[in-house]
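Thanks for taking a look at this one with me.

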Amino acid sequence: MTPTTRARLRRTATAVLTVATTALLWACQPPSDTVTVVGDSLTMTTLLDGQFPAAWDIHSMLGWQAEDAQPGLTTRVNDAQRSPCAVTIALGQNDAARHSDGRGDGWTTTDAAQMRQLRDTLHQDTRVLWVLPDYDGSDPAYAAGINAYRSWVTTYAAARGDDVVDWRTRNTAADIDTDGVHLTPTGRQHYGAMITQEMPTCA
């Protein structure tokens, strides 16, 4: 291969790479009007109760546990056709669950790694809000798991420049069911209003 041919191939390869990179960046740009919530049964029941804006992206509002991640969830969250400009991550109740009777494994390093993976799928310009969960029950093991998750999110969100809202400081005894976790009808109203109010605005 002559030097001229090699130079021509390099120029062609560079041009192709530039076009491909530009197309990829364009595809991953978050649209200006897509808002997503990734959550568990609390967000799902709040959704079914009609407590979120109808225009919000409900396709990614899935019951989800980090240790049992649904295949493709992070891909769907960052789908180029609806890559969100703003996301609320309302998880942790299941991921941090540990019961005194031996069910669950609490907040683990695997959970943390998969939470980071979920966060890393989002575009660099996507604004993110984390919800700190609450537990109003009497199981000390469950409370310890929830508090470990709350501590992790607080530190991680600050490092990423994300927003945080604390459900513990927003709810009352009338909002939480007798299991200390799930929401009453009033709780669903307050939970939906909290996320709706605190969801970051799109640029």
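1. The chain folds into six helices and four strands. Helices here are DSSP runs of H or I with at least four residues, strands are runs of E with at least two, and both are numbered from the N terminus. Read from the N terminus on, the order of elements is α-β-α-α-β-α-β-α-β-α.

2. Please keep in mind that this is a predicted model: local features need pLDDT of at least 70, side-chain atom pairs count only at pLDDT 80 or more, and totals for chains, interfaces and linings use all residues. Residues are numbered from 1 along each chain as its sequence is written, and side-chain values use heavy atoms, with hydrogens and water left out.

3. Now for the chain as a whole. Of its 203 residues, 43% are buried; buried means under 20% relative accessible area, exposed means over 50%, and partly exposed is in between (1.4 Å probe, protein chains only). The accessible surface is about 10400 Å², and carbon and sulfur atoms account for 55% of that. These areas come from the Shrake-Rupley method with a 1.4 Å probe, and for residues only the protein chains shown count as cover. Taking contacts (heavy atoms within 4.5 Å) between residues at least 6 apart in sequence, 71% join residues at least 24 apart.

4. The aromatic residues deserve a visit. There are eight aromatic pairs in the structure. Rings of Phe, Tyr and Trp (its six-membered ring) count as a pair if their centres lie within 6.5 Å; planes under 30 degrees apart are called stacked, over 60 edge-to-face, and the rest tilted. Take Trp130 and Tyr156: their ring centres are 5.8 Å apart and their planes stand at 90°, so this pair is edge-to-face. The pair links distant parts of the chain, with Trp130 in strand 3 (residues 127-132) and Tyr156 in helix 5 (residues 140-160), 26 residues apart. Both Trp130 and Tyr156 are buried. They also belong to one aromatic cluster, formed by Trp107, Trp130, Tyr149, Trp152 and Tyr156.

5. How do helix 4 and helix 5 pack? Two packed helices are described by the angle between their axes and by the distance between those axes. For helix 4 (residues 109-120) and helix 5 the angle is about 35° and the axes are 12 Å apart. Axes are lines fitted to C-alpha atoms, for helices over the stretch in contact, with angles running from 0 to 180 degrees between N-to-C directions. The crossing of helix 4 and helix 5 is right-handed, a label used if the near helix is turned clockwise from the far one by less than a right angle, with left-handed for anticlockwise. Helix 4 brings Ala112, Met115, Arg116, Arg119 and Asp120 to the contact, and helix 5 brings Tyr149, Trp152, Tyr156 and Arg160. By class, the contact of helix 4 with helix 5 holds five nonpolar, no polar and four charged residues. Here Ala, Val, Leu, Ile, Met, Phe, Trp, Tyr, Cys and Pro are nonpolar, Asp, Glu, Lys and Arg are charged, and the others, Gly among them, are polar.

6. Next, have a look at the loop between strand 2 (86-90) and helix 4, where Ala96 sits. Ala96 is buried, at 0% relative accessible area. Beyond its neighbours within four places in sequence, Ala96 is in contact with Gly106, Trp107, Gly145, Ile146 and Tyr149.

7. Ala97 is found in the loop between strand 2 and helix 4. Is Ala97 buried or exposed? At 12% relative accessibility, Ala97 counts as buried. Its contacts, leaving aside neighbours within four places in sequence, include Gly92, Arg103 and Tyr142. Gly102 also lies in the loop between strand 2 and helix 4, and Gly102 is exposed, with a relative accessible area of 55%.

8. Two further stops remain. Arg188 lies in helix 6 (residues 185-198) and is buried, with a relative accessible area of 18%. Apart from neighbours within four places in sequence, Arg188 is in contact with Thr45, Thr46, Asp49, Gln51 and Leu183. Asp136 is in the loop between strand 3 and helix 5. Not counting residues up to four places away in sequence, Asp136 touches Ile176 and Gly180.
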